[in-house]
Amino acid sequence: MHISVIGVGYVGLVTGACFAETGNDVICMDIDDDKIEKLKQGIIPIYEPHLEELVKNNLKEGRLGFTTDIKKAVEHGLIIFICVNTPQDEDGSADLQYVTSVAGDIGKTIEKYRILVIKSTVPVGTCEQVKEIVKKELDKRELDVPFDIASNPEFLKEGMAVDDCMKPERVVVGVEHGRVEEILRELYAPFVRTGAPLIVMDVRSSEMTKYTANAMLATRISFMNQIANICDTFGADVMMVMRGIGSDSRVGPKFLFPGVGFGGSCFPKDVRALIKASQSYGYSPSILESVMGVNESQRVSFAEKIKTFYKDNIKGKKFAIWGLAFKPNTDDMREAPSIYIVNVLTKNGATCYLFDPKAMEVAHKVFEGNGNVRFGKNQYEVLEGVDGLVLVTEWLSFREPDFERMKSLMKMPVIFDGRNQYNPKTLSKLGFRYICIGRPDVQISNI
Ligand code: NAD
């Protein structure tokens, strides 16, 4: 099948590469010249496991191409996937300017029947809005080109995006006609042949499904963070509680890990967008409002814990920061808790020595102009002479570090663990002061 993908970010690039991998002829279009030039040479602008080989392979086989020419993209694909960003607007709602701009461009260039599939996460009613925009442009051109619209929300997880795309747990499509369903079923057949359901529904329900999925996952995280805070008060161990409830099949073990809160390009903006959209219709979604409230206060109270440990005086102190990406296996730092934590520490006069296995390049841009930030080459280098280590992102390489080596490098063997990675008793025996989330403080005598 001939496919076009508009917007070549985390979602668009993975989608395009995976469709090409199953034999489709794919053109990916973006307005970012630099990105497209690099992609044409097989240079991948983001870190995502397995993506590079997939892109390079399909470029070589001639099934995947890149362009900045919207006309070419609209001409090429029977199915046009819209994968542009839908960031948060100033008031918390979804900023749809990129989606509506693409809709306008399609309306200006469409010449024959096309199926427009919106993969971007968009508020309920956006597909209808896109349809109207395309129609208006066609009216201006005095043309009556037939086209269909569909919603096909993306559920991939950064860090596992290729796997999620090739082997989805489910595919959701919202359609207005059976003919679109048939074509999308054919396109997705290779991805769901092992039995994953392709769930077909109306367009509005499909748009709502994506927001609901993210809101649910965010709710689990905030719920567990709140339980962790209660555990802190009562001297219970949240990790034990988590195991205790996660083994109940009605609850399940996923998305229950307490920590410094969720970040990333999706959960925060999508939950806020759902809240804002509901409010604009006069409904106040109190659970979701609390989910965001708990999430925001989680990183604040973690930073407070650090300051309190040093009796509210961290001026001149040095901290190593392990992990900057919003989660492991990605270089994405959008809304990463690390940004807040580093900014609080540095604003209070501390110097932060940063290390992340993949996000260093992005971090240079994020912390540009912050004179109290230094960038390290590896996880041990940043520990030299520091007054404490702050673990923010749970990369695998931080799970079983060489604690003896760490202790010999650090000025003060203090670990603030925002992801509850280590065993408090073990660390205590090794001579560390270990401060984590929702677990009894194990005091030691030899610091
Ligand atoms: P991104 O910011 O990584 O990429 C978006 C791309 O769209 C950019 O390259 C940008 O240049 C391009 N673009 C913007 N306007 C354009 C235009 N007019 N024409 C062509 N290209 C244009 O975004 P992303 O993370 O890939 O997310 C895309 C959408 O998918 C968002 O709605 C997001 O909420 C949703 N989503 C993201 C994820 C994720 O993990 N990143 C997962 C599921 C859903």
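**Sheets and ligand shell**

Mentor: Start with strand S1 (residues 2-6) and strand S2 (residues 25-29), which pair in the parallel sense over 5 bridges. Keep in mind that this is a predicted model.

Trainee: Which residue stands opposite Ile3 in S2?

Mentor: Val26 is the residue in S2 that stands opposite Ile3.

Trainee: What is the strand order in the open sheet of 8 strands?

Mentor: The order reads S3-S2-S1-S4-S5-S6-S7-S8, and the pairing is mixed.

Trainee: Why is one side of strand S3 and of strand S8 left without a neighbour in the sheet?

Mentor: Strand S3 (64-67) and strand S8 (198-201) are at the edges and each has a single partner strand, so one side of each has no neighbour in the sheet. On average, neighbouring strands of this sheet are turned by 25° against each other, direction ignored.

Trainee: Which strands does helix H2 touch?

Mentor: Helix H2 (residues 33-40) packs on the sheet and touches S2 and S3, and its direction makes about 150° with that of S3. Helix H6 (residues 126-140) also packs on this sheet, touching strand S5 (114-118) and strand S6 (147-151). The direction of H6 makes about 160° with that of S6.

Trainee: Switching topic to the ligand. How many residues surround it?

Mentor: There are 27 residues around the ligand, and the closest are Asp30, Lys35, Thr86, Glu158 and Lys269. By class, the shell has 12 nonpolar, 8 polar and 7 charged residues.

Trainee: Which helix gives the largest share of that shell?

Mentor: Helix H5 does, with 3 residues. Helix H1 (10-21) and helix H5 (97-109) each supply at least two residues of the shell.

Trainee: What about polar atoms, say from Lys35?

Mentor: A polar side-chain atom of Lys35 is 2.5 Å from an oxygen atom of the ligand. For Glu158, a polar side-chain atom lies 2.7 Å from a nitrogen atom of the ligand. Val11 contributes a polar backbone atom, 2.8 Å from an oxygen atom of the ligand.

Trainee: And how much of the ligand does the protein bury?

Mentor: The ligand taken alone exposes 830 Å², and the protein buries 92% of that.

Trainee: Back to sheets. What is the order in the open sheet of 6 strands?

Mentor: That order is S11-S10-S9-S12-S13-S14, with parallel pairing. Strand S11 (373-375) and strand S14 (433-435) are the edge strands, each pairing on one side only. Neighbouring strands of this sheet are turned by 20° against each other on average, direction ignored.

Trainee: How many bridges are there between S9 and S12?

Mentor: Strand S9 (residues 318-322) and strand S12 (residues 388-391) pair in the parallel sense over 4 bridges. Trp322 stands opposite Leu391 in S12.

Trainee: Which strands does helix H12 lie across?

Mentor: Helix H12 (residues 286-309) lies across S9, S12, strand S13 (414-417) and S14, and runs at about 165° to S13. Helix H13 (residues 337-347) lies across S9, strand S10 (351-355), S11 and S12. Relative to S10, H13 runs at about 155°.

Key:
Residues are numbered from 1 along each chain as its sequence is written. This is a predicted model: local features need pLDDT of at least 70, side-chain atom pairs count only at pLDDT 80 or more; totals for chains, interfaces and linings use all residues. Side-chain values use heavy atoms; hydrogens and water are left out. Two strands pair if DSSP finds at least two bridges between them. Axes are lines fitted to C-alpha atoms, for helices over the stretch in contact, and angles run from 0 to 180 degrees between N-to-C directions. Contact means heavy atoms within 4.5 Å. A residue is near a molecule or strand if one of its heavy atoms lies within 4 Å of it. A polar contact is a pair of N or O atoms within 3.5 Å; within protein, one must be able to donate a hydrogen and the other to accept it, and residues adjacent in sequence count only if both atoms are side-chain atoms. Accessible areas come from the Shrake-Rupley method with a 1.4 Å probe; for residues, only the protein chains shown count as cover. Ala, Val, Leu, Ile, Met, Phe, Trp, Tyr, Cys and Pro count as nonpolar, Asp, Glu, Lys and Arg as charged, and the others, Gly among them, as polar.
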